[in-house]
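Me: Hi! I have a structure open and would like to talk it through with you. Could we take it piece by piece?

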Amino acid sequence: MKSDELYALLRRRGVLWPTAELYGGAQGLYDYGPLGTALKHRIEEAWSAWFLGLSDDYYRIEGAEILPEAVVRASGHLENFTDPEVTCESCHAAFRADTVLEKIRPEGVDGLTPAQIGEMVIANRIACPKCGRPTLSVPRAFNMMFGLDFGVTGRERAYLRPETAQSSYLAFPRMWEVGRKALPLGVALIGRAYRNEIAPRQLLFRMRAFTQAELQIFFDPERFVVPISTVLDETLPMLRVGRRSKGEESPEWVRVADLRSAALPDFYLYHLVHTYRFYRDVLRIPKERIRLFEKSDSERAFYNRIQYDLEVHLESLGGYKELGAVHYRGDYDLTRHGTGSGKDLSVLTEDGRRIVPHVLELTFGVDRNLWAQADVHIGRDGERTLWKLPPALAPVQVGVFPLLKKEHGGYARALTHELTVAGVVAEYDEAGGIGKRYARMDEAGVPFCVTIDGETVAEDSPQRDTVTLRDRDSRSQDRVPRGDLAVRILKATALPRPPLASPPRRPE
Ligand code: GAP
């Protein structure tokens, strides 16, 4: 589906809409309606269940969204968190340099200096995308953080956090104290991050306020033992730098056993596999649409040593898009915050070495992934729109319909209540014919529907207290005893967790 068509559908169903729509909207900001909010929370819970399920030593915390200036100075964001911006000297519109250079340089401008970008803009007489005149300026580095006046005097400077990761780094000393004082130690956080994007576009892809789910794993680089033998037979869709430089777009499928090397250590591979599996098995993205895109030295974020982006091919946006990533950040973060705060953030390992822990970061953009769930799983079935959301992510798990409102409505309402109390998200619907009600539920991604009919309520019926359970995907209809419904639906919609694998004591 094209992005406009998909967006129109999501707006009509109350999934999302522009912030301050009443006033014409605000660029890069979106609000979620009931269906969108519930889906977003479900995706967040699925992420938590999967990644915190990887180890008993991974915990989830919350952190303030406003950070004092000292934090973003130490983290490097004040200095480095910039995008090259060009402005039009005729109409004064501002653009990101990579977007205006897109036609002549589709690979983007990562790794180029502002001077090199400027030369390209001028030499190619690039026209302003707004007024069409070739009067674009030389790029300047534009810092993407939102600054705030903090406190009553307004003299203290603070910033909205540009990545949730910073809250986890700030929490490290406290988490070390309250935890087992042992590595690895995982600190996960799901929350808002804010970036003053120069050119917010592609809806949920370049927002100014968005939600990240990030797990920071603090570890000893000499001893981060993972059960690698459990994943050696997995094959991953890799697009490595070498292949990219030959102009390849599609990934090659490589066995994990063949990827093990000093450049791709076991701890990195193990978490890369589980990130890939999360997309394949939990978000149910067809594996042919996924690729793991290696970032080169010049493309990587300033803090990264190894970076593979998880990209998914999205029809609505015409190609592969980054939805998450696995970053090996080395000791960059704790070293910088140690220096910035003047506190010693080193720790003593079990074998008596004093080290600054390294960080492996698993990052995931919740909004982008919500869009991907719409792109990948919404389709047409004749006249109908069908949202084949994975049952575990469905915001509403079952629709409950009385065949006839008057005769079966009371029973259906009581059943809806009973299912809700049992922990099932059930929605009662009595409006219109059964076909219309199925169609509404199909469009909202509801995996099951239950119909209450004469047989369910008749005193003398052999089918008394049984209902028709319809499965959205198979279209099968089963007669199910009322008492079995909740367990059956809860089982089918349970959040998947990674298989239990106790960490080995020694490297394998
Ligand atoms: N802590 C690492 C970090 O923030 P990033 O690549 O800048 O790395 C991580 O962002 C994820 O956050 C991305 O993979 C993407 O899913 C999401 N993301 C980043 N910028 C975004 C934006 N402007 N709008 C929506 N999602 C965004």
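Me: Is E44 buried or exposed?
Reply: E44 is buried, with a relative accessible area of 8%. Buried means under 20% relative accessible area, exposed means over 50%, and partly exposed is in between (1.4 Å probe, protein chains only).

Me: Which residue forms a salt bridge with E44?
Reply: K40 does, and the closest N and O atoms are 3.1 Å apart. A salt bridge here is a side-chain nitrogen of Lys or Arg within 4 Å of a carboxyl oxygen of Asp or Glu. K40 counts as buried too, at 10% relative accessibility.

Me: Where do K40 and E44 sit?
Reply: They are in helix α2 (residues 34-51), and because they are four residues apart there, about one helical turn separates them. Helices (H or I, at least four residues) and strands (E, at least two) are DSSP runs, numbered from the N terminus.

Me: Before we go on, what kind of model is this, and how are things counted?
Reply: It is a predicted model: local features need pLDDT of at least 70, side-chain atom pairs count only at pLDDT 80 or more, and totals for chains, interfaces and linings use all residues. Residues are numbered from 1 along each chain as its sequence is written, and side-chain values use heavy atoms, with hydrogens and water left out.

Me: Good to know. How many salt bridges does the structure hold?
Reply: It holds 44. One of them pairs R255 with D233, with the closest N and O atoms 2.8 Å apart. That pair links distant parts of the chain: R255 is in strand β13 (residues 252-255), while D233 is in the loop between β11 and β12 (235-239), 22 residues apart.

Me: And how exposed is D233?
Reply: D233 is exposed, with a relative accessible area of 63%, and R255 is partly exposed at 34%.

Me: Switching to the ligand: which residues come nearest?
Reply: Of the 21 residues around the ligand, E163, R195, E214, E322 and E361 come nearest. A residue is near a molecule if one of its heavy atoms lies within 4 Å of it.

Me: What does E214 do there?
Reply: A polar side-chain atom of E214 lies 2.5 Å from a nitrogen atom of the ligand. The protein covers 94% of the 550 Å² of accessible area that the ligand has on its own. Accessible areas come from the Shrake-Rupley method with a 1.4 Å probe; for residues, only the protein chains shown count as cover.

Me: Which element gives the largest share of the shell around the ligand?
Reply: That is β16, with five residues.

Me: Back to E214. Which side chain makes a polar contact with the side chain of E214?
Reply: The side chain of T164 does, at 2.7 Å. A polar contact is a pair of N or O atoms within 3.5 Å; within protein, one must be able to donate a hydrogen and the other to accept it, and residues adjacent in sequence count only if both atoms are side-chain atoms.

Me: Where is T164 found?
Reply: In the loop between β9 (156-160) and α7 (165-178). T164 is buried, with a relative accessible area of 0%. Not counting residues up to four places away in sequence, T164 touches L189, G191, R192, A193, Q212 and E214. Contact means heavy atoms within 4.5 Å.
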